[in-house]
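Here are a few notes to read alongside the structure. Have it open while you go through them.

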Amino acid sequence: MTSLDTKAKTLLELHRPGNPVVLPTVWDAWSANLAAAAGFSGLTMGSHPVADSIGRTDGEGMSFDELLARVTQVTASVEVPVSVDIESGYGLEPLQLIDGLLAAGAVGLNIEDTVHSEGKRLRSPAEHADLVRGLREAADAAGVHVVVNARTDLFLRQDGEEADRLDRAIARLTMAADAGADVLYPVGRHADADLRRLTTDLPLPVNVFGQPGTPAKAHFADLGVARISFGPFLQAALGVEATNLLAAWK
């Protein structure tokens, strides 16, 4: 069986600006096997689809233990590296988060700067960087280079003035990079010029979300993107298809 550190390094090496890795976002063993059988070299687990699959709400409506139960089922079913969205960290310490993920077989994580348990406040750039640093130090102590994907929600939240939002996101994510992140995730929809600036000015590979059914991989590649994930959109697309199939049997 491939060691966790080898899987983590494999996942990290997949991130190539201009030749993005597509990591389908899955939520259970069935969806993970579906994506792995289609030939994808790694997977992500999104908080929204996982929460939906167990009857919880996104935004830390499920517990970290409930998430880890799903992660364990997925990693036991596929051999490819798996990265997990841990939202804002469930109010836990970095060591608890890293230990839990490694015990469940995951080798990557997304960490966002919206604190769901505290009225959805936005962490300061320094606070978010400190959390990233704590995660990196905990992973290093465990001997596994867990791939840390530092996310900012500035664009999703439309936080502050639009005129300087891009500048603030770059400054915030650069601090996360300096603290030990491996990938940077300015989640949201971006104009091409803005995305080009993000991939040019940020010091690490950039993650964007894609929508299944749109031929966007080559477009994102041309803009310098290194990683594409699906968020809740793959599950939503399958839900629409299933609804149409079931409607014929009413």
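**Notes on the model**

1. Start with helix 4, where F64, L67, L68, R70, V71, V74 and T75 are buried. They sit on the same side of helix 4, because the arc they cover around the axis is only 160°; that arc is taken from the directions from the helix axis to the C-beta atoms. "Buried" here means under 20% relative accessible area, "exposed" means over 50%, and "partly exposed" is in between (1.4 Å probe, protein chains only).

2. A word on what you are looking at: this is a predicted model, in which local features need pLDDT of at least 70 and side-chain atom pairs count only at pLDDT 80 or more, while totals for chains, interfaces and linings use all residues. Residues are numbered from 1 along each chain as its sequence is written, and side-chain values use heavy atoms, with hydrogens and water left out.

3. Back to helix 4, which runs over residues 64–75. Its 12 residues reach 16 Å from first C-alpha to last, close to the 16 Å expected at 1.5 Å a residue; the expected span is 1.5 Å times one less than the number of residues. Helices (H or I, at least four residues) and strands (E, at least two) are DSSP runs, numbered from the N terminus.

4. What covers the buried residues of helix 4? The cover includes helix 2 (29–37), strand 3 (43–45), helix 3 (47–53), strand 4 (82–85) and helix 5 (94–104). Contact means heavy atoms within 4.5 Å.

5. Helix 6 has 18 residues and spans 26 Å between its first and last C-alpha, close to the 26 Å expected. Its buried residues are H128, A129, L131, V132, G134, L135, R136, A138 and A139. Among the elements covering them are helix 5, strand 5 (108–111), strand 8 (147–152) and helix 8 (165–178). Just after helix 6 comes G143, with a positive phi of about 80°.

6. Helix 6 (residues 125–142) also holds R133 and D130, 3 residues apart, so about one helical turn separates them. Their side chains meet in a salt bridge (2.7 Å, N to O), meaning a side-chain nitrogen of Lys or Arg within 4 Å of a carboxyl oxygen of Asp or Glu. R133 is partly exposed at 33% relative accessibility, and D130 is partly exposed at 48%.

7. How many salt bridges does the structure hold? There are 13. One of them joins D5 and K9 at 3.0 Å, N to O. D5 and K9 are 4 residues apart in helix 1 (residues 4–13), so they too are separated by about one helical turn. K9 is partly exposed, at 45% relative accessibility.

8. Now look at R151 and D153: their closest N and O atoms are 2.6 Å apart, in a salt bridge. Are these two residues buried or exposed? Both R151 and D153 are buried. E112 joins them in a network of salt bridges.

9. Y90, with phi near 55°, lies in the loop between strand 4 and helix 5 and is buried, at 13% relative accessible area. Q158 has a positive phi of about 50° and sits in the loop between helix 7 (154–157) and helix 8. Q158 is exposed, with a relative accessible area of 58%.
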